Amino acid sequence: MRHPPHVSALLAGAALATVSASPLPHLPAAAAAPVCVVEYSVAHSWDQGFQGAVTLTNKGAPLTGWTLTFDLPGTQRVSQGWNAKWSQNARTAAAAHETWNGALGTGSSVTLGFLASRSAGDPAPTAFALNGNTCATGPGGPSEPPTPTPTPTPTPTPTPTPVEDPPVLRVSDNKLVDASGATRRLTGVNRSGGEFMCVQGHGIFDGPVDDRAIAAIADWNVNAVRIPLNEECWLGLDNIRPEYAGARYRDAVTALVRRIEDHGMTPVVELHWSWGQYTGNSAGCADIHASCQKPMPDARYAPAFWTSVANTFKDDPAVVLDLFNEPYPDRAGGTPAQAWSCWRDGGSCPGIGYEVAGMQDLVDAVRATGARNLVLAAGIAYANDLSQWRAHRPHDPAGNLAAAWHVYNFNACADEACWDSVLGPLAAELPIVAGEIGENTCAHAFVDRVMRWFDGRGLSYLGWTWNTWDCAAGPALISSYEGVPTAFGIGLRDHLRALPARDGKDTP
């Protein structure tokens, strides 16, 4: 998808309301019932940061708006948050309601999450106030964050359920197979955020990506999660805020990949937003930086990005590498033949003002590291056109390359006749992974048709997207990160849950 909804600044300045009162001098002070109760916990911690959770329960009169404030001791500083508009002034952190959760009735609760930096030994916050009124702390309240260890281990659950490791996939004729030769396919979702949050200066991910959030994805019978990435954030270029760039960004992505694998799902990492100024037909932005989808990856940074990504995951061959989100050199100018030549070979392409890295360049960058992971290469026309993919297929010395395809109800190839004539012959020769499927109707009649067609041929598909956006602004599968589906998402959820096995074996 080219244009995720605009994300408001998570760390925008917020006015912190304060309330003070003076007791009557001639009467003894009476103990007042608290107007709120807060439960605070630390979900995860690492050497220089942690993820905190705050559950706020309103014990007073119903509210139509609220701000929770608390002081963070030591060097702690909020860098990202969700379910509230977060800010921090000196040591005081503030979480102000969003438009959709401002109403908080008596006895109602809301759970807020945030990421923060820390130093070893920093204590947890102990004092919280709702609209300036002191809150009591409930069970599971403030506690010292756990001491991080160099290699964090998963928190044990009371009744653990064995989870099969995701398979190492390889191409065999027109199928994806595992190490035993059993046919597999990828059926799942996209988890957007990593492509835009960092370059917009708001964080790394859009919403929580902790174990609970990933478990909610797995609960839909998902076996693959696609993770869009940003080239400049991964490489740590100087236009990205340092707290969201370079090693911090890479570590966060790697941790998410591991968490997805811990739930038995296949991670698909892909280059979504990249460097290079393009202002021609269908331009997403005029910015030279990686702040939107560009027609093609750039020769300046994209090969270095894939060299680094491949080196990161080459020892984890279960990770799938998706080279570039939605190429559209056909919109930039020139003939269809020139567009496909640009797609494969890169160089100087009609209508594109920067040097292009072709798909062959990116395959070469990946394989030069020794990585043998499954690689996906999407076609042109925003990945909706695979008509010349076979004729321009990049050479892969590892023989582990599949075609990626995207389809929405507003695309050119969006009906069974086109799928039969274009995808059908190609699917007879090599695997096709529909990395994005969706529709802009807030319903699911179209993706139901896509899934039926792909099921009938044993092909793979992933819904766009596991984010809590308004589906009227773009296909959003969920209304909360607990996995509550939208009217659009319920179609994918019910379909995935009806599939015979989450691991994708024994498909039709």
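Start with the largest cavity: its volume is about 60 Å³. Keep in mind that you're looking at a predicted model. A search of the whole structure turns up two cavities of 30 Å³ or more.

To see what surrounds the largest one, select N174, K175, L176, R184, R185, P431, I432, V433, R457, G458, L459 and S460, which line it. Now colour by secondary structure: the elements giving two or more residues to this lining are β12 (175–177) and β20 (432–438). Colour by residue class instead, and the lining of the largest cavity splits into five nonpolar, three polar and four charged residues.

Next, a pair of helices. Select α9 (residues 416–427) together with α10 (residues 445–455). They pack at an angle of about 35°, and their axes are 12 Å apart. Which hand does the crossing of α9 and α10 have? It's right-handed. Show side chains for the contact: α9 brings E416, W419, D420, L423 and G424, while α10 brings F446, R449, V450, W453 and F454. By class, the residues of this α9–α10 contact come out as six nonpolar, one polar and three charged.

Last stop: A33. Look in the segment before β1 (36–46) to find A33. Is A33 buried or exposed? Its relative accessibility is 64%, so A33 counts as exposed, the cut-off being over 50%.

How values were computed. Residues are numbered from 1 along each chain as its sequence is written. This is a predicted model: local features need pLDDT of at least 70, side-chain atom pairs count only at pLDDT 80 or more; totals for chains, interfaces and linings use all residues. Side-chain values use heavy atoms; hydrogens and water are left out. Axes are lines fitted to C-alpha atoms, for helices over the stretch in contact, and angles run from 0 to 180 degrees between N-to-C directions. Helices (H or I, at least four residues) and strands (E, at least two) are DSSP runs, numbered from the N terminus. A crossing is left-handed if the near helix is turned anticlockwise from the far one by less than a right angle, and right-handed if clockwise. Contact means heavy atoms within 4.5 Å. Ala, Val, Leu, Ile, Met, Phe, Trp, Tyr, Cys and Pro count as nonpolar, Asp, Glu, Lys and Arg as charged, and the others, Gly among them, as polar. On a 1 Å grid over the protein atoms alone, a cavity is a set of points where a 1.4 Å probe fits but cannot get out, and a pocket is an open set with protein on both sides within 12 Å along at least five of seven lines; lining residues have an atom within 4 Å of a point. Grid points are joined across faces, edges and corners, and a volume is the space filled by probe spheres set on the points. Buried means under 20% relative accessible area, exposed over 50%, partly exposed in between (1.4 Å probe, protein chains only).
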